[in-house]
Amino acid sequence: MKSNDRHDSQDSIDSKLATLRQCIDVIDSELIVLLNKRFEVVKQIGQCKVKNQASIYRPDREKEIIITLLRHIKDKNLVNLDKSIIEAIFYEIFAISRNLESPQKIAFLGPIGSYTHQAAEKRFGPLSSYLPLTTISSVFQALQNQNAKYGVVPLENNTNGMVGETIDNLAKYNFKIINEIILPIHHSFATKAQNIQHIRKIYSKDIAFGQCSDFLLNYQLNEIEHIGVSSTALGAKLASEDSNSAAICSEISAKLYKIPIMFENVQNHSHNQTRFVIISDFHNESSKQDKTSIFVRIKDFEKSGALFELLRDFKDENINITKIDSRPLYDDKGFKSGFYMDFYGHKDDENVKRIFVKRKDEIKWLGSYPAFE
C-alpha cells in the first residue's frame with residue numbers, strides 16, 4: 001500500500017470515529033435528560049416516604065425492577081445487555097436515587113477498605129455516609145442508638161462457615177435482615193519486608209488465617225506469630241507501621257495503606273466467597289422469590305427427636321431449608337444450643353405462617369429478603 005493510500009485510509013477511519021463519537025454524544029445527552037426525569041420522580045417518591053415514615057431502601061422493589069428490565073431485554077432481543085451489566089448500572093442508579101430521597105447512613109465492620117466496606121458500597125454506592133466500627137456488636141449498637149439506619153456485617157464464608165458474633169447479635173436485637181450480598185474474597189499477602197524470612201508476625205482477621213492456611217503452611221509462615229484483629233483492613237494498617245510484619249488483606253487495603261503486595265490470591269480456594277447481610281429496623285414485603293432467616297430455641301430440647309420434629313415440620317410444609325447452624329445459648333445453664341436457619345420463602349407465605357404459629361414460642365424471625373441469585 002502506498003503512503004498516500006495509507007493516509008487516505010487513516011483519514012477515513014478518523015472520519016468514521018468522529019461520526020460515531022458524535023452519535024455517542026447525542027445518546028449521552030438523551031440519557032442525561034432521562035436520568036434527570038427519573039431523579040425528579042425519585043424526589044417525589046422520597047417526599048411521600050418521609051411523610052408516611054416509610055423505608056427509603058426497598059430491596060424487594062429494586063429486585064422487581066431488575067427482573068422487569070431483564071424481561072424487557074429478552075423481549076426486545078437487546079443483545080448488548082445482560083444481567084451483570086444491568087445490575088452494575090442500576091444498582092448505582094438505585095444508590096444515587098436513595099440519597100436523593102433521603103441521605104443514607106450505614107454502619108459497617110471497618111475500617112475503611114475492609115471487605116465489609118466493599119460489600120456496603122456495592123449496595124449503597126459512594127455517595128452514602130459510612131460509619132466504620134471496630135466490632136460486629138458495635139454495628140448493632142449503632143443501630144440501637146439510632147446513629148445509623150442500616151448496618152452491614154459478615155454472616156458466613158463458604159469455606160470457614162458462619163460468623164458466630166453476627167448470629168448472636170441477630171438473636172439478641174430486634175433488627176431484621178433486609179438483604180444479602182455475596183462478595184468474592186481474594187486475599188493478598190502484603191508486607192514492607194524485603195525478604196519473607198524477615199517477617200516476624202502476621203496481622204489479619206482470625207477467619208482469614210483459616211482461609212489461607214495452605215499458603216501459610218507452604219511458605220513456612222504457620223509457625224511465626226499470627227495476630228488476630230477485628231478486620232483484614234486493620235491488619236493492613238498495623239502491618240504498614242512495622243517493616244518486619246505482614247498482613248493478609250484485600251488488594252484495596254494494601255493500596256490504601258501503601259504496603260507492597262508480595263503474593264496475590266493466597267486463599268485456599270479460588271471460589272472463596274463471603275455472604276454479608278444488611279440489617280435495619282423495618283421488614284420487606286414479599287418479592288415472590290425470598291429467603292427467610294430465623295433463630296430457633298427448641299422448647300423441649302432434651303426430648304428425644306426434638307430437632308428431628310422441627311425439621312419434619314418444615315418438610316411437611318414443603319419448605320426448603322438451605323442453612324442450619326447451632327449456637328450456644330449463653331443465657332441458659334449447661335450446654336443448650338439454639339439454631340440459626342435459612343429457608344426459601346417469606347414470612348407472609350401461608351406455609352411459613354403455619355410454622356410460625358405452631359412454633360410461636362420457639363422461633364425468632366430475623367428477616368425475609370430477596371433471595372440472592
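1. Tyr 57, Phe 124, Tyr 150 and Phe 282 form a cluster linked by ring pairs. Rings of Phe, Tyr and Trp (its six-membered ring) pair if their centres lie within 6.5 Å; planes under 30 degrees apart count as stacked, over 60 as edge-to-face and the rest as tilted. The whole structure holds 15 aromatic pairs.

2. The model is predicted: local features need pLDDT of at least 70, side-chain atom pairs count only at pLDDT 80 or more, and totals for chains, interfaces and linings use all residues. Residues are numbered from 1 along each chain as its sequence is written, and side-chain values use heavy atoms, with hydrogens and water left out.

3. Phe 108 and Tyr 130 make an edge-to-face pair, because their planes are at 80° with the ring centres 6.1 Å apart. Phe 108 is in strand β1 and Tyr 130 in strand β2 (residues 129–133), so the pair links distant parts of the chain, 22 residues apart. Both residues are buried, meaning under 20% relative accessible area with a 1.4 Å probe, protein chains only.

4. Two charged side chains sit over rings (NZ of Lys or CZ of Arg within 6 Å of the ring centre and within 35 degrees of the ring normal). Arg 123 lies over the face of Tyr 91, 3.9 Å from the ring centre. Lys 347 has its charged end over the ring of Trp 365, at 5.1 Å from the centre.

5. Ile 177 touches residues including Leu 170, Ile 279, Tyr 340 and Leu 366, not counting residues up to four places away in sequence. Contact here means heavy atoms within 4.5 Å.

6. Four strands, in the order β13-β14-β12-β15, form an open sheet with antiparallel pairing. Strands pair if DSSP finds at least two bridges between them; strands (E, at least two residues) and helices (H or I, at least four) are DSSP runs, numbered from the N terminus. The edge strands are β13 (321–328) and β15 (363–370). Seven bridges join β13 to β14 (residues 337–344), and Lys 323 has Asp 342 in β14 as its bridge partner.

7. Helix α6 (residues 164–172) lies across β12, β13, β14 and β15, at about 110° to β15. Angles run from 0 to 180 degrees between N-to-C directions, with axes fitted to C-alpha atoms, for helices over the stretch in contact.

Definitions and conventions: Buried < 20%, exposed > 50% of the residue type's maximum accessible area, 1.4 Å probe, protein only.
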